[in-house]
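Please look over the side-chain contacts in the structure shown here, with attention to charged pairs and aromatic rings.

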Amino acid sequence: MRLEGKIAAITGGGSGIGRACALAFAREGADVAIGDLDPERAAGVADEVRALGRRALDMPIDVTEQDDLDRFVDGVVSDLGGLTVWVGSAGVSIGAMFLDHTREDWRRLMDLNLDAVVFSAQTAARRMVTDGTGSIINIASIYGGRAVSERIAYCTSKAAVIMATQVMAVELAEHGVRANSIGPGYTDTPLFRGAREEGNEAIAPLMLRVPAGRLGTPEEIAAAAVFLASDESSFVTGHCLFADGGWLVNGNW
């Protein structure tokens, strides 16, 4: 049990990578709180965590609302007894060419993908600092490491998440709190499927760019999160772990 005694909270925990992290953490011995905009999805994942023999809390939250973040962290501490792992997994993708991108869509994406990630991590970190321990894990993307057409807002937000997490790591180290990010590659999640349908992109051309030749699974991304949440990574902070089947380093485009 690599996470025995840990208490984890996950935003966007009702589906995709967030759900996979919740279940992987539970299998490794952690109690888990699931925050999600959809209360039914959050409750469903909490039931799955309990079925694995761990305590769970589910709460409907809007990560762009500070009151919801405060309520979530307070609920985790009061119901589960503390907070040692935070996963910022909520996010959205909007596809548009630079010349056509609207200010409204830009602001909506940044509000969720960047502002909410930073201030939700801040809310969690303030609690962790008082305890002198904690691991923050923010979900970034391979698109934070390379420019991709029709994704100017998404690429910018994820690159900013990587940098913001590095700054968190520098400032929080003296308090015993680590901060890392994960950069998933093409992963079989509802967000990826929705973005692909929105852009009318066929899967085959995308897979030509992945040396591994396939989509990743949410469980593979969750395995990276387990490592970053565990004491095995106690000297790892400020790092972005790209789990992408070799996409980012592939020069054979």
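## Basis and salt bridges

The model is predicted, and a search of its charged side chains gives 14 salt bridges in the structure. Side chains of opposite charge can pair when their charged atoms come close.

One of these pairs joins Asp38 to Arg41, with the closest N and O atoms 3.9 Å apart; this pair counts because the cut-off for a salt bridge is within 4 Å. Asp38 is partly exposed, at a relative accessible area of 29%, and Arg41 is likewise classed as partly exposed, its relative accessible area being 38%.

Arg50 and Asp47 form a salt bridge through their side chains, with an N to O distance of 3.0 Å. Both residues belong to helix H2, which covers residues 39-51, and they are three residues apart in it, about one turn of the helix. Arg50 is partly exposed at 38% relative accessibility, while Asp47, with a relative accessible area of 47%, is also partly exposed.

## Further charged contacts

A salt bridge also connects Asp115 with Arg107, where the closest N and O atoms lie 2.9 Å apart. Asp115 has a relative accessibility of 26% and counts as partly exposed, and Arg107, at 42%, counts as partly exposed too.

Elsewhere, salt bridges link Asp31, Arg54 and Arg55 into a network.

## Aromatic pairs

How many aromatic pairs does a search of the whole structure find? The search returns five, and among them is the pair of Tyr143 and Tyr154, which is edge-to-face, with 6.1 Å from centre to centre and 80 degrees between the planes. This pair links distant parts of the chain, since Tyr143 lies in the loop between strand E5 (134-139) and helix H5 (152-172), whereas Tyr154 lies in helix H5, the two being eleven residues apart. The edge-to-face label applies because the angle between planes is over 60 degrees in that class.

Tyr143 and Tyr154 are joined with Tyr186 and Trp247 in a cluster linked by ring pairs. Trp247, a member of this cluster, also has a charged residue over its face: Arg146 lies there, at 5.6 Å from the ring centre.

How values were computed
Residues are numbered from 1 along each chain as its sequence is written. This is a predicted model: local features need pLDDT of at least 70, side-chain atom pairs count only at pLDDT 80 or more; totals for chains, interfaces and linings use all residues. Side-chain values use heavy atoms; hydrogens and water are left out. Buried means under 20% relative accessible area, exposed over 50%, partly exposed in between (1.4 Å probe, protein chains only). Helices (H or I, at least four residues) and strands (E, at least two) are DSSP runs, numbered from the N terminus. Rings of Phe, Tyr and Trp (its six-membered ring) pair if their centres lie within 6.5 Å; planes under 30 degrees apart count as stacked, over 60 as edge-to-face and the rest as tilted. A charge sits over a ring if NZ of Lys or CZ of Arg is within 6 Å of the ring centre and within 35 degrees of the ring normal.
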